[in-house]
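Work through the exercises below with the structure open. Try each task before you read its solution.

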Amino acid sequence: MESVKLAIRNALRHRLRTGLTVLGLIVAILAFGLLQTVVDAWYAGAESASNTRLITRNAISLVFPLPITYRDKIRRVPGVTAVSLANWFGGVYISEKNFFPQFAVDPTTYFKLYPEYLVPEEQMKSFLRDRKGAIVGRKLADAYGFKVGDVVPLRGTIYPGTWSFVVRGIYDGAEKGTDTSQFFFHWDYLNETVKRTAPRRADNTGICIVQIAAPELAAEVAGDIDREFKNSLAETLTETEKAFQLGFVAMTEALVIAIRIVSFLVIFIILAVMANTMAMTARERTSEYATLKALGFGPGFLSRLIFGESLAIALAGGMAGIALTFPVADAFAQRMGTLFPVFNVSRETIWMQMVAALVVGCAAAIVPAVRASRVRIAEGLRAIG
Amino acid sequence: MRAGAEERPVVEIRNLAKSYRRGDQVVQVLRDINMDIPAGDFVALMGPSGSGKSTLLNLIAGIDTPDSGELRVDGTDIGGLSEADLAAWRAAHVGFIFQFYNLIPVLTALENVELPLLLTGLSRAERREHAEAALAMVGLSDRLEHYPSELSGGQQQRVAIARAIITDPTLLVADEPTGDLDRASAKEVLDLMDRLNDELGKTIIMVTHDPHSAERAHHLKHLEKGVLAD
């Protein structure tokens, strides 16, 4: 019969109260984990960025294109090993709510720069042969039921008209964090059509993707590229892929900060609930603490009992909350469709949930433990539980 | 009342005083108490409510400290001990019997009795053996795994007595041990206390309002307004 055993039995003394507190903890830890995962999802693009890829875009704004001729000039910059291009398409699939990213890419170079997009060889060959072909990510295919051979119509918003694509391949991610919610098609198909409908917009690209020989060359190569186009009609801004992705996150940073604050508020609220539970519990047991002190037990033993009970409750709620985070996150991700391309519960989130549960358990026990250890025996024995 | 106890005092009290502060007022609870209790004695402290008998018992048991005077128990000046030393001293020298038993509700009878032994170096098996023997002595061998809520008041008080004697203390202090019991249960508890005094030579100090209970003691001490009356 040790203090841990007694602490656990104490925790189970008022089963309804303990059950409700554990339930509150489950909800709080689960909500905390989900909100942290939403924040992680925001940064997923930046986290999965390669440190040997640079992005070159128009220095004025991303909405202004770069001439396609820049590709060859960039290719000649020392330290550059490959260049590809990608152009945001912004089409609508059936209705606006079906959002997913679509890019016109140079098919021969793009997938070599993104080895994390795994396309079966036969499907890649089929895609290269068909100028109206498209390659879609696994998550996107699952969300909309796309299969190889399906025709996917997109209504252009930036590039007006109805565009038809044939799914020629489905790519998987090499890693769990790889974005598989994208839709790629031939830049040539876009360019040829634009040449007919809006010739002044032809032969442009949104961005150039630049592969460099080594990560440490990033700053030097980026500077060289931008100097190359200094004082041209379209000056460039070259940055690492991670910095480019973080630029998008920065546009919505206030929202991310708000989500983070809410996630910590949830923990603070459950801490207040838990502290109240422990305070009530300790107050009811004043007479028992006085008895234990009379028998010769010191403040350390009483503190262990209270901390043990509080931690037992917090860990029960915390563990259940963590366990539930995975299925709930999966369900949430499915419900959100392709809004969050990557929605994985990270190891860091699990650690943070565990730490949050421990902090709640410890913090809630501090005041009751101090009070219990200060109970005057004669007065405590008169207390009514 | 019976006489007969060893003459060496186990409790020596000289000029003891104790007061409490209630708001701005200082209430003198005990003043100029002088008393010796020989080893093996059975003393009943009586007096009206507020006379200071429970306070005196608390001081002798080391759960409160005097303002002035000398208080020696088994040769130790307990008035001069620190809180931690006093806790260790209580664990070794005092067995407590409370009016409302004060058992831990989530522990079985055996575990409640075993509780004070957690402060000793005994192994789990030794603790269990001692606790079973103590419960056998109070006639509860068949209630080892019962929780307090599954026992009658008299049985709970007998468990409390087993817990009080488990460490073989110098002194047993009992604060209204029969105050919450019916007549039959009270008699069982008092018989048991008699046995502990007669057969094991335990020194017992009991606070009581009940004259029938007080009759079991060898000596009566009356307190009136914080002063020993006899």
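**Exercise 1: The interface**

Chain B and chain A together bury about 2,100 Å², and 63% of that lies on carbon and sulfur atoms. The model is a predicted one.

Task: find which three residues supply 22% of the area that chain B buries against chain A, then describe the side of chain B that touches chain A.

Solution. 

1. Start with the area. Ile63(B), Ile104(B) and Val106(B) supply 22% of what chain B buries against chain A, more than any other three residues.
2. Count the contacts. On chain B, 25 residues are in contact with 20 residues of chain A.
3. Look for charge pairs. There are four salt bridges between chain B and chain A. One of them joins the side chains of Glu111(B) and Lys5(A), at 3.7 Å from N to O.
4. Six residue pairs make them across the interface of chain B and chain A.
5. Assign the elements. Helix H2 (83-93), helix H3 (109-114) and H4 of chain B each give two or more residues to the side that touches chain A. H2(B) gives the most, with four residues.
6. Sort by type. That side of chain B has 14 nonpolar, three polar and eight charged residues.

**Exercise 2: Helix H6 of chain B**

Task: check the length of helix H6 (residues 183-200) of chain B against its number of residues, then say what covers its buried residues.

Solution. 

1. Compute the span. H6(B) has 18 residues, so at 1.5 Å a residue it should span 26 Å. The C-alpha atoms at its ends are 25 Å apart, which agrees.
2. Inspect the ends. At the N-terminal end, Asp182(B) is the cap: one of its side-chain oxygens lies 3.2 Å from the backbone nitrogen of Ala184(B). After H6(B) comes Gly201(B), with a positive phi near 70 degrees.
3. List the buried residues. Among them are Ser185(B), Val189(B), Leu192(B), Met193(B) and Leu196(B).
4. Relate this to helix geometry. An α-helix has 3.6 residues a turn, so residues three or four places apart point the same way.
5. Find the cover. It includes strand E3 (42-46), helix H4 (124-137), helix H5 (153-165), strand E7 (171-175), strand E8 (203-207) and helix H7 (211-214) of chain B.

**Exercise 3: Helix H5 of chain B**

Task: decide how far H5(B) is enclosed by the rest of the structure.

Solution. 

1. Check the length. The 13 residues of H5(B) should span 18 Å at 1.5 Å a residue. Its end C-alpha atoms are 19 Å apart, which agrees.
2. Apply the cut-off: buried means under 20% relative accessible area. Twelve of the 13 residues of H5(B) are buried, so this helix is largely enclosed by the rest of the structure.
3. Note the side chains involved. The buried set includes Arg158(B) and Arg163(B), along with Gln155(B), Gln156(B) and Gln157(B).
4. Find the partners. The buried residues of H5(B) pack against helix H11 (286-294) of chain A, and against strand E6 (94-97), H3, H4, E7 and H6 of chain B.

Terms used. Residues numbered from 1 in each chain as written. Chains lettered and ligands numbered in written order. Predicted model: local features only at pLDDT ≥ 70, side-chain atom pairs only at ≥ 80, totals over all residues. Heavy atoms only, no water. Expected span 1.5 Å × (residues − 1). Buried < 20%, exposed > 50% of the residue type's maximum accessible area, 1.4 Å probe, protein only. Contact = heavy atoms within 4.5 Å. Polar contact = N/O pair within 3.5 Å; in protein donor to acceptor, adjacent residues only side chain to side chain. Buried area = accessible area lost by both parts, 1.4 Å probe. Nonpolar A, V, L, I, M, F, W, Y, C, P; charged D, E, K, R; others polar.
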